[in-house]
Amino acid sequence: VFFMFIIIIHMIGIILFAYVTLRLVLPLAAPRPVKAALVVFVFLISQYHGLLRLSGMLASPELPRGLTILASWLSISLVLCFVVLVARDLALLLRYALRKSGVLRPVPFSPGRRALGVAGAAGVALALGGVSVQQAMRVPDVRRSELVLNGLPPEMDGLSLAHITDLHATKLLYGSRVAAVVDRVNALQPDLILCTGDMVDG
């Protein structure tokens with residue numbers, strides 16, 4: 001099961017790599033050595049999580065935290081870049097169909113406009129990837145919910161529960177963040193604290 005999971009992660013990475021390479025890297029007006037370096041770079045990013053899972057280094061203290069943050073940002077950005085490029089290509093296909101049907105007026109091809117669109121897609125993906133990593137690393141807010149349970153014994157009315165889940169303690173989500181989460185939960189002074197699932201990665 002584990003190796004099947006690893007294979008699936010690698011295959012997803014290959015799909016992301018192939019699409020982003022074909023639609024973003026290869027069309028660039030850049031020298032071949034630069035393109036080749038970018039292709040290798042994108043491939044390594046696409047295989048980042050699979051390689052970590054296979055090597056067991058996901059929570060390794062030997063992996064520098066700065067490198068972990070950078071790699072996480074780039075791998076998330078790669079996924080978002082794939083999504084943005086697919087959305088852009090679907091929009092281009094729709095525009096092409098509307099032009100063929102005469103709904104829209106044909107517009108001459110512009111290399112500058114195409115380059116701007118590709119750069120915009122990459123920029124949006126990188127920006128959203130950075131926001132995603134920042135949001136993942138911050139201490140989560142407390143969300144309060146009141147539950148009404150039929151048949152609850154009267155003596156348990158007003159019982160307070162604090163639910164913590166998916167802390168994913170790693171070099172990315174490090175000890176001081178976990179300590180801050182613990183302090184925030186303890187400050188609530190709940191009657192019960194429930195810890196469910198994925199407390200540590202690796």
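1. L194 is partly exposed, at 38% relative accessible area (partly exposed lies between buried, under 20%, and exposed, over 50%; 1.4 Å probe, protein chains only). L194 sits in strand β2, residues 192-196.

2. This is a predicted model, where local features need pLDDT of at least 70, side-chain atom pairs count only at pLDDT 80 or more, and totals for chains, interfaces and linings use all residues. Numbering runs from 1 along each chain as its sequence is written, and side-chain values use heavy atoms, without hydrogens or water.

3. Now the core. The largest nonpolar core has 15 residues (a core is a set of buried Ala, Val, Leu, Ile, Met, Phe, Trp, Tyr and Cys residues joined through side-chain atoms within 4.5 Å). Among those with the most contacts inside it are V20, L24, L78 and L85. Two or more residues come from each of α1, α2 (32-46), α4 (65-100) and α5 (111-137). Helix α1 gives the most, with five residues. A second, separate core has five residues, including A162, I164, L167 and V181.

4. L85 is in contact with Y19, V20, R23, L24 and A121, leaving aside neighbours within four places in sequence (contact: heavy atoms within 4.5 Å).

5. R23 belongs to helix α1, residues 2-25. R23 is partly exposed, with a relative accessible area of 25%. Not counting residues up to four places away in sequence, R23 touches L85, R88, D89, L92, R114 and V118. The C-alpha atoms of R23 and F82 are separated by 9.2 Å, although these residues are 59 apart along the chain.

How values were computed. Helix = DSSP H or I, 4+ residues; strand = E, 2+ residues; numbered from the N terminus.
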